[in-house]
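Here is a short briefing on a protein model. Keep the structure open as you read.

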2 protein chains.
Amino acid sequence: MMRILVTGGSGFIGRHCLAAMGDADIHATSRTGAPSRADGGASTVTWHAVDLLDPAATAALIERIRPTHLLHAAWEATPVLYAQSPENQRWLESGLALADCFGRMGGQRFLGLGTSAEYGPSDGDCHEDETPVLPASVYGHAKAAMWQALQAAARIHGFSASWGRVFLPYGPGDPLQRLIPSLLAAFRKGEPIALSDGLQVRDFIFAPDVGRQLARLLLSERDGAYNIGSGVGVSIREVVETLAHLNRAQDLLQFGQLPRRPGEAQRIVASTGKFRELVDATPCTTLDAGLRMTLRSD
Amino acid sequence: MMRILVTGGSGFIGRHCLAAMGDADIHATSRTGAPSRADGGASTVTWHAVDLLDPAATAALIERIRPTHLLHAAWEATPVLYAQSPENQRWLESGLALADCFGRMGGQRFLGLGTSAEYGPSDGDCHEDETPVLPASVYGHAKAAMWQALQAAARIHGFSASWGRVFLPYGPGDPLQRLIPSLLAAFRKGEPIALSDGLQVRDFIFAPDVGRQLARLLLSERDGAYNIGSGVGVSIREVVETLAHLNRAQDLLQFGQLPRRPGEAQRIVASTGKFRELVDATPCTTLDAGLRMTLRSD
């Protein structure tokens with residue numbers, strides 16, 4: 001009998017994973033144990049309040065629930081701060097303990113949440129097993145360490161392990177300080193908006209698509225790392241202009257007023273071939289449709 | 001004032017690192033605190049008995065010694081068993097705690113001991129920042145996880161971090177169950193020796209060269225991963241035949257009698273350009289000279 005546990009279930013990604021789960025025995029954790037506002041599939045979810053940074057509490061939870069499938073989405077992801085936060089070192093430690101405990105309790109399938117920030121600079125698309133993993137942040141290093149440690153635990157305990165490297169998610173529930181919510185807030189103020197040149201190319205993926213892809217990957221038998229991206233590279237400028245157009249706020253945009261962040265990559269786009277070939281995925285929501293749905297939910 | 005700490009100082013690699021250290025304030029740990037028999041530079045080494053798997057003992061040691069430079073060579077490396085041993089998951093955990101403690105205590109430079117087993121299959125030489133890290137063992141995954149976690153700790157605490165991926169070391173002090181000591185024992189018995197075809201190509205490096213390269217890397221200011229190899233690929237067959245020739249035991253060799261181990265890579269050879277360019281290394285001992293010196297020490 002399959003029993004799914006989603007950690008970080010009230011987070012931006014976690015809630016969309018829960019919404020994408022079909023009929024199953026689903027458990028979720030959050031710090032408070034309360035479902036998030038935007039959680040669409042809460043009717044079948046049993047919530048647990050737990051501090052996953054407390055190893056004893058985590059072990060007690062796993063022993064009580066005994067999940068067969070675990071989607072580990074809980075990390076420190078506070079916008080801007082998350083990238084170099086020492087907290088993610090603690091999330092790495094707690095992740096190791098979680099994977100070990102999951103294995104000892106007979107868990108079968110562990111899907112961890114990775115990030116495109118694990119990849120080093122790449123001229124082309126990022127390939128899971130070819131593009132070097134050369135992170136430039138504490139966050140990227142902690143995630144890459146977790147994936148390696150997870151594979152060690154999987155070999156030791158004999159469970160199946162997979163890793164979803166999420167590219168640039170946007171959509172309902174996006175934390176306020178991130179690109180799109182902060183642009184929408186600026187549009188409302190009606191004041192000029194200073195931006196960088198915006199020519200950096202990113203792989204934006206609608207968060208409900210992220211949830212669907214991760215749910216699909218969790219239920220597959222596939223080991224290994226998989227990109228969770230749209231596979232479509234667009235410039236940040238194009239996203240900002242599309243959003244401004246939908247809000248009739250084009251005249252507020254002032255590109256080139258800000259410098260780029262130091263060390264910012266020019267292009268981060270997913271190769272999606274591995275995921276699509278093995279998991280038989282449905283197409284992603286287009287950027288235009290995704291942005292319109294994001295606006296309606298705002 | 002530089003103070004160097006070498007963990008695993010009585011191990012096969014650790015002892016050669018100690019022997020290669022120049023005049024400095026050098027401390028070393030082992031489980032028993034006793035220097036190894038083959039330790040050449042023990043006169044200037046202060047030994048400490050510590051169980052590094054005990055976080056409190058490790059923290060107390062670091063607080064007492066306050067090393068500026070740390071060469072972390074302690075892992076589970078019992079021949080054959082080490083590759084899939086769950087112990088290396090515990091060494092990973094203790095390594096994270098060690099790196100964190102080292103950073104909090106003001107440490108400046110941390111060099112960790114990696115392995116060629118971190119690399120995935122490669123037709124050519126293994127390049128530090130290009131060849132995908134795709135281990136096939138608990139050992140390889142734990143090492144790769146440690147390197148990523150070490151870089152996270154280095155960013156958090158602001159110390160310099162480097163990683164030496166050691167290829168196939170041989171020489172004085174080689175544990176008895178490994179290739180060359182076990183061949184020498186078999187030659188002494190004078191009985192036929194069943195071998196695989198031996199056509200696997202490996203990068204054999206004389207252990208004193210490993211010690212010298214790691215000591216050099218520790219004292220350099222270089223961040224990043226570096227291969228510790230000779231850069232020369234030779235077949236295992238060639239090594240066995242050379243050793244048999246030196247022992248007049250060629251007639252004992254029976255190649256092709258054993259199957260290869262499942263999943264064994266055909267070729268694992270270091271690209272040494274990055275190390276040689278940045279660290280200005282001296283040439284490695286030739287295989288013939290290294291084997292002769294190994295025999296003399298046996």
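A polar contact is a pair of N or O atoms within 3.5 Å; within protein, one must be able to donate a hydrogen and the other to accept it, and residues adjacent in sequence count only if both atoms are side-chain atoms. By this rule, four residue pairs are in polar contact across the interface of chain B and chain A (both at pLDDT 80 or more). This is a predicted model: local features need pLDDT of at least 70, side-chain atom pairs count only at pLDDT 80 or more, and totals for chains, interfaces and linings use all residues. Residues are numbered from 1 along each chain as its sequence is written, and side-chain values use heavy atoms, with hydrogens and water left out.

**The interface**

- Contact means heavy atoms within 4.5 Å. In these terms, 27 residues of chain B touch 27 residues of chain A.
- The buried area is about 2200 Å². That is the accessible area (1.4 Å probe) that two parts lose on being put together, summed over both. Carbon and sulfur atoms give 63% of it.
- In chain B, H141(B), Q148(B) and R155(B) lose the most area to chain A, together 27% of what that side buries.
- Across this interface the rule finds zero salt bridges. A salt bridge is a side-chain nitrogen of Lys or Arg within 4 Å of a carboxyl oxygen of Asp or Glu.
- On the side of chain B that touches chain A, α4(B) gives the largest share, twelve residues. Helices (H or I, at least four residues) and strands (E, at least two) are DSSP runs, numbered from the N terminus.

**Salt bridges**

- Over all chains, the count comes to 26 salt bridges.
- One of them joins the side chains of D125(A) and R267(A) (2.6 Å, N to O). This pair links distant parts of the chain, 142 residues apart. D125(A) lies in the loop between β5 and α4 of chain A, and R267(A) in strand β14.
- In chain A, D174(A) and R178(A) also meet in a salt bridge (2.5 Å, N to O). D174(A) is buried, at 11% relative accessible area. Buried means under 20%, exposed over 50%, partly exposed in between (1.4 Å probe, protein chains only). R178(A) is partly exposed, at 23%.

**Helix α7 of chain A**

- Which residues of α7(A) are buried? They are I236(A), V239(A), V240(A), L243(A) and A244(A).
- These residues sit on the same side of α7(A), because they cover an arc of only 130° around the axis. The arc is that of the directions from the helix axis to the C-beta atoms.
- Their packing partners in chain A include α5, β12 and α9.

Methods
Chains are lettered from A and ligands numbered from 1 in the order in which they are written.
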